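Please find below a short note on the model under review.

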Amino acid sequence: MDQLQIKDLEIFAYHGLFPSEKELGQKFVISASLSYDMTKAATELDLTASVHYGELCQQWTTWFQESTEDLIETVAYKLVERTFETYPLVQEIELELKKPWAPVHLPLDTCSVAIHRRKQQAFIALGSNMGDKKANLEQAIDKLRIRGIHILKESSVLTTEPWGGVEQDSFANQVIEVETWLPASVLLETLLAIESEMGRVREVHWGPRLIDLDLLFVEDQVIYTDELILPHPYIAERLFVLEPLVEIAPHFIHPILKQPIRYLVDQLEQGNA
């Protein structure tokens, strides 16, 4: 992908663990590469399809100086976050933040941190069978937006019977496609935080829930850890997930089963017939 590169932007600011760093300040140096499609800007002189590097450097300077942080990791992360928020056309950012005057009493040219983030598409299943079910789904989606997660597509809201053998009310189910630069593990933490914020209490396994947010896919990533399994292990068994998913992504290919979602729906429906 095309890249805009900015090298060695110097900014004087007041970040660091030591009181002297926050009082006296020091020089920091930023270098970054921003990836986005420059075709429209180059061929049609469309400034909205470009990043004004002069304005960006001024914005970085303003953002950099408006607060103080203990860690340069925090500063670099916030710069990446605000750059994505301000320039939706940017798909990927590699940013290095150098601290040439780091308080290390040894021969040292500089120390730095580097952050690399790329936007990616993910699918999230939503479910609720308590209170105003549809309103719960809408509230959860709003909370995703507030956290900077861009909603690309929303399926219809389906009424489905409970799954898992626990006697309970019917569910309102939905699947959405989102775009986010958050890594899969952080996206999962975000979903769990929204569930908690909305008041979900996990008392009965597969039991009633105010809101349920399941991370189904993050592009074609396959992850197996104690905290996260991708793709979600029950997708091919749950018609209440497949039906809304096929509505918005019928040709998405399951990265393990190597079949498009529409085939998985057909197979499950035939098996249930």
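The numbered points below begin with the basis of the values.

1. This is a predicted model, in which local features need pLDDT of at least 70, side-chain atom pairs count only at pLDDT 80 or more, and totals for chains, interfaces and linings use all residues. Residues are numbered from 1 along each chain as its sequence is written, and side-chain values use heavy atoms, with hydrogens and water left out.

2. Strand E9 covers residues 212–218, and seven of its seven residues are buried (under 20% relative accessible area; exposed is over 50%, partly exposed in between, with a 1.4 Å probe and protein chains only). Strands are DSSP runs of at least two residues, numbered from the N terminus.

3. Strand E5 (residues 120–128) pairs with E9 in the antiparallel sense over six bridges; pairing requires at least two DSSP bridges between the strands. Within this pairing, Ala-122 has Val-218 of E9 as its bridge partner.

4. Trp-101 lies in the loop between strand E3 (92–99) and strand E4 (111–118). Its relative accessible area of 48% makes Trp-101 partly exposed. Phe-12, at 37%, is also partly exposed, and Tyr-14 is partly exposed at 36%.

5. Aromatic rings of Phe, Tyr and Trp (its six-membered ring) pair if their centres lie within 6.5 Å; planes under 30 degrees apart count as stacked, over 60 as edge-to-face and the rest as tilted. The count by this rule is seven aromatic pairs. The ring centres of Phe-12 and Tyr-14 are 5.8 Å apart and their planes stand at 85°, so this pair is edge-to-face.

6. One aromatic cluster is formed by Tyr-77, Phe-84 and Trp-181.

Conventions: Helix = DSSP H or I, 4+ residues; strand = E, 2+ residues; numbered from the N terminus.
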